[in-house]
Every structure is written in structure tokens, then in C-alpha cells.
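Please keep the sequence and the picture in view while reading, and look up each residue as it is named.

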Amino acid sequence: MNDRFDAIGRLEDELAHGFEDITPHWEVRGADPVLTVRCGEVELELVPQDDGRFKLRAAVSAEQVTQVLSLLTRRPAPAFRTRSRRLSSVQG
């Protein structure tokens with residue numbers, strides 16, 4: 001259990017020093033330490049797991065999904081389309 005608290009503390013320090021545009025803050029929810037990271041309107045919750053990995057939870061708009069994925073893939077974010085290709089093909 002203490003390892004997860006140590007892991008969340010180290011991650012908070014690394015994020016605070018490595019990224020100037022984010023605001024990390026951790027708290028205990030139930031038995032879990034949870035690190036909340038905010039950058040603009042995007043908010044991520046990181047929960048350390050017993051195996052050393054972190055579970056990520058986020059509530060973002062559809063536009064923000066493309067932004068987050070572009071950051072992960074290091075590709076430019078595509079223009080957001082309000083209708084999916086599948087929906088467009090069904091509706092003709």
C-alpha cells in the first residue's frame with residue numbers, strides 16, 4: 001500500500017517539475033491515492049496500481065479526445081468532425 005503512495009508522490013513531483021502548464025494535485029479516495037492533473041480544460045486522474053503501472057481516467061469532450069491522441073501519437077490533431085463517417089454513410 002505504501003508503495004502506491006510513494007509512487008503517486010514521485011509522479012506528482014516529476015510532473016510538477018517537468019511540465020510547466022499542468023497543475024498536479026493528489027488526494028486519497030477510499031483506499032486509493034489519486035493524482036489529478038489539469039491542463040486547460042483537460043483533467044486526468046491517475047491511480048497507481050499494485051503492479052507499478054497507473055490507471056488513467058479522464059472525462060473529455062470529443063474535440064479533446066483528438067488532442068490527447070495527437071499528443072500520444074505525436075501527430076497533428078485532425079479537424080474535429082461533428083458527424084462520424086459511419087453515421088454519414090448510413091444517413092446518405
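In what order do the 4 strands form the open sheet, and is the pairing parallel or antiparallel? The order is 1-2-3-4, and the pairing is antiparallel. Please bear in mind that this is a predicted model, and that the values below were computed from it.

**The chain as a whole**

- The chain has 92 residues, of which 23% are buried.

**The sheet, strand by strand**

- The 4 strands make an open sheet in the order 1-2-3-4, and its edge strands are strand 1 (23-29) and strand 4 (54-58), each of which pairs on one side only.
- Neighbouring strands of this sheet are turned against each other by 25 degrees on average, with direction ignored.
- Strand 1 and strand 2 (residues 32-39) run antiparallel and are joined by 7 bridges; in this pairing W26 has L35 as its bridge partner in strand 2, while E27 stands opposite V34.
- Strand 2 is in turn joined to strand 3 by 5 bridges, again with the two strands running antiparallel, and here the bridge partner of C39 is V42 in strand 3.
- Strand 3 (residues 42-48) pairs with strand 4 over 5 bridges in the antiparallel sense, and L44 stands opposite A58 in strand 4.

**The hairpins and their glycines**

- The hairpin of strand 1 and strand 2 has 2 residues between the strands, and within this hairpin G30 takes a positive phi near 65 degrees.
- The hairpin of strand 2 and strand 3 also has 2 residues between the strands, and G40 takes a positive phi near 65 degrees there.
- In the hairpin of strand 3 and strand 4 there are 5 residues between the strands, and G52 takes a positive phi near 95 degrees.

**The nonpolar core**

- The largest nonpolar core has 7 residues in all, namely I8, L11, L15, I22, L35, V37 and L46.
- Helix 1 (2-18) and strand 2 each supply at least two residues of this core, and helix 1 gives the most to the core, with 3 residues.
- In general terms, nonpolar side chains in soluble globular proteins tend to be buried together.

**Salt bridges**

- The count of salt bridges comes to 7, and one of them joins R29 to E27, with the closest N and O atoms 2.9 Å apart.
- Both ends of that pair are classed as partly exposed, R29 because its relative accessibility is 34% and E27 because its relative accessibility is 31%.
- The side chains of R57 and E45 meet in another salt bridge, at 3.3 Å from N to O, and this pair links distant parts of the chain, since R57 lies in strand 4 and E45 in strand 3, 12 residues apart.
- The two ends of this second pair are classed as follows: R57 counts as partly exposed at 38% relative accessibility, whereas E45 is buried because its relative accessible area of 17% falls under 20%.
- Salt bridges that share partners join E27, R29, E45 and R57 into one network.
- D51 and R53 also meet through their side chains in a salt bridge, at 3.0 Å from N to O, and both of these residues are exposed.

**Helix 2 and the surface**

- V65, L69 and L72 make a nonpolar surface patch of about 290 Å².
- L69 has its place in helix 2 (residues 62-73), and it counts as partly exposed because its relative accessibility is 47%.
- Q67 also has its place in helix 2 and is partly exposed, with a relative accessible area of 43%.
- The C-alpha atom of Q67 is separated by 9.8 Å from that of V42, although the two residues are 25 residues apart along the chain.

Conventions. Residues are numbered from 1 along each chain as its sequence is written. This is a predicted model: local features need pLDDT of at least 70, side-chain atom pairs count only at pLDDT 80 or more; totals for chains, interfaces and linings use all residues. Side-chain values use heavy atoms; hydrogens and water are left out. Patches are made of residues with over 30% relative accessible area and no salt bridge: like charges are joined within 9 Å, nonpolar side chains (Val, Leu, Ile, Met, Phe, Trp, Tyr) within 5 Å. Accessible areas come from the Shrake-Rupley method with a 1.4 Å probe; for residues, only the protein chains shown count as cover. A salt bridge is a side-chain nitrogen of Lys or Arg within 4 Å of a carboxyl oxygen of Asp or Glu. Buried means under 20% relative accessible area, exposed over 50%, partly exposed in between (1.4 Å probe, protein chains only). Two strands pair if DSSP finds at least two bridges between them. Axes are lines fitted to C-alpha atoms, for helices over the stretch in contact, and angles run from 0 to 180 degrees between N-to-C directions. A nonpolar core is a set of buried Ala, Val, Leu, Ile, Met, Phe, Trp, Tyr and Cys residues joined through side-chain atoms within 4.5 Å.
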